[in-house]
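Student: Please take me through the pockets of this model, with a close look at what lines them.

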Amino acid sequence: MKRGITIEGINIPSRFFLAPMAGYTDYVFRRLSRRFGAGLLITELVSAAALARQVKKTYRYMEHKEDEYPISLQLFGANEDDYKKAIEITNLNGFSFIDINMGCPTKKVVKNNGGAGLLEDTGKMVSILKAVKSVSPLPVSVKIRLGLKRGEGGEIERALALKENGACFLTLHGRYASDLYRGTADWEAIARVKEALGKDYILIGNGDIKTKEDALKAFNISNVDGIMVGRGAVGNPWIFRELNTIFEDNDDYNNDITENDSLKNIIKEHINGCCELYGEISGIHFMRKFIMKYLTGYRMENKIELMKCESKEELFRILESIIS
């Protein structure tokens, strides 16, 4: 299997995509992930309703830069008119795809019939997809889960309906919305959906990829065309470098770890980026969840000390003492 993949004429450098994660996948984290080999990048979830109403703070979630291409703008919502207006009035320069989120399991999203809340109504899913396609200047993809609740079935029918109504590719998380992130992703179920969609239709699988071995197993079971990585990349952007070594054309892939790519330097780079993006205090607070992940395996008292920092200077001083 070759590392790159082409979708709708857009060349994506790796079959490993970075998942959209609210509160995590801002420009700084996406840039680090791309640097280590992530293929398609995706924004955090952006509310179609808020964009349609031109809510200013919403634009922050779709900020992106030229070096992120190719990148998708991910929208969520439950109202066709909101999607249409949002797309019609929004500057989409620099984006490669519009991705509709029909899989987010967060209660706040689901109770408003967005995200995975749409999985109960295939007709509504198709109606939203058609509405977006009717005005979008970009190819449209959809991200889904197996279903809302275990035992409901219908995952193949939903996927086929989205394919037949013009989704250029699908991303399927191998859990039900009611699972949230508990249990394990069902790659056998993803395999059944891929078989039904056919070998020529692009399906990206998602769920529980933390190592190269996980990825190889997932590809072998499911025959998907690519894999989306979410939580496995938080505090570990290097995962994309490891994953990309499975491809037959990995000889031209730079797998050398330099001093600039060391744990300490990447944490510092991430902190600097967040402080620049959000301001020093807000950036430091935002980074706390990342630091806990970066320092998995380090002593808890050291991590707690870092959590208490209120300046970048103090944070860097303690990092120097903790990481050799």
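Tutor: In this predicted model, the lining of the largest pocket divides into 21 nonpolar, 14 polar and 10 charged residues. That lining comprises 45 residues, and those nearest the pocket centre are A22, L45, C104, T106 and V109. The elements that contribute two or more residues to the lining are the strands β5 (46-47), β8 (140-147) and β11 (226-229), together with the helices α2 (48-52) and α4 (107-110). Of these, α2 gives the most, with three residues. The space in the largest pocket comes to about 1100 Å³.

The second largest pocket has a volume of about 220 Å³. Its lining divides into five nonpolar, two polar and five charged residues. The lining residues are T184, A185, D186, W187, E188, G207, D208, I209, D214, K217, A218 and I221. Two helices, α7 (187-197) and α8 (212-222), each supply at least two of the residues that line the second largest pocket. The greatest contribution to this lining is from α8, with four residues.

In α12 (residues 300-307), the buried residues are N302, K303, L306 and M307. Viewed down the axis of α12, these buried residues fall within an arc of 145°, so they line one face of the helix. An α-helix has 3.6 residues a turn, so residues three or four places apart point the same way. The cover over the buried residues of α12 includes α11 (280-294) and α13 (312-322).

How values were computed
Residues numbered from 1 in each chain as written. Predicted model: local features only at pLDDT ≥ 70, side-chain atom pairs only at ≥ 80, totals over all residues. Heavy atoms only, no water. Buried < 20%, exposed > 50% of the residue type's maximum accessible area, 1.4 Å probe, protein only. Arc of directions from axis to C-beta. Contact = heavy atoms within 4.5 Å. 1 Å grid on protein atoms, 1.4 Å probe; cavity = no way out; pocket = protein on both sides within 12 Å on 5 of 7 lines; lining within 4 Å. Points joined across faces, edges and corners; volume = space filled by probe spheres on them. Nonpolar A, V, L, I, M, F, W, Y, C, P; charged D, E, K, R; others polar.
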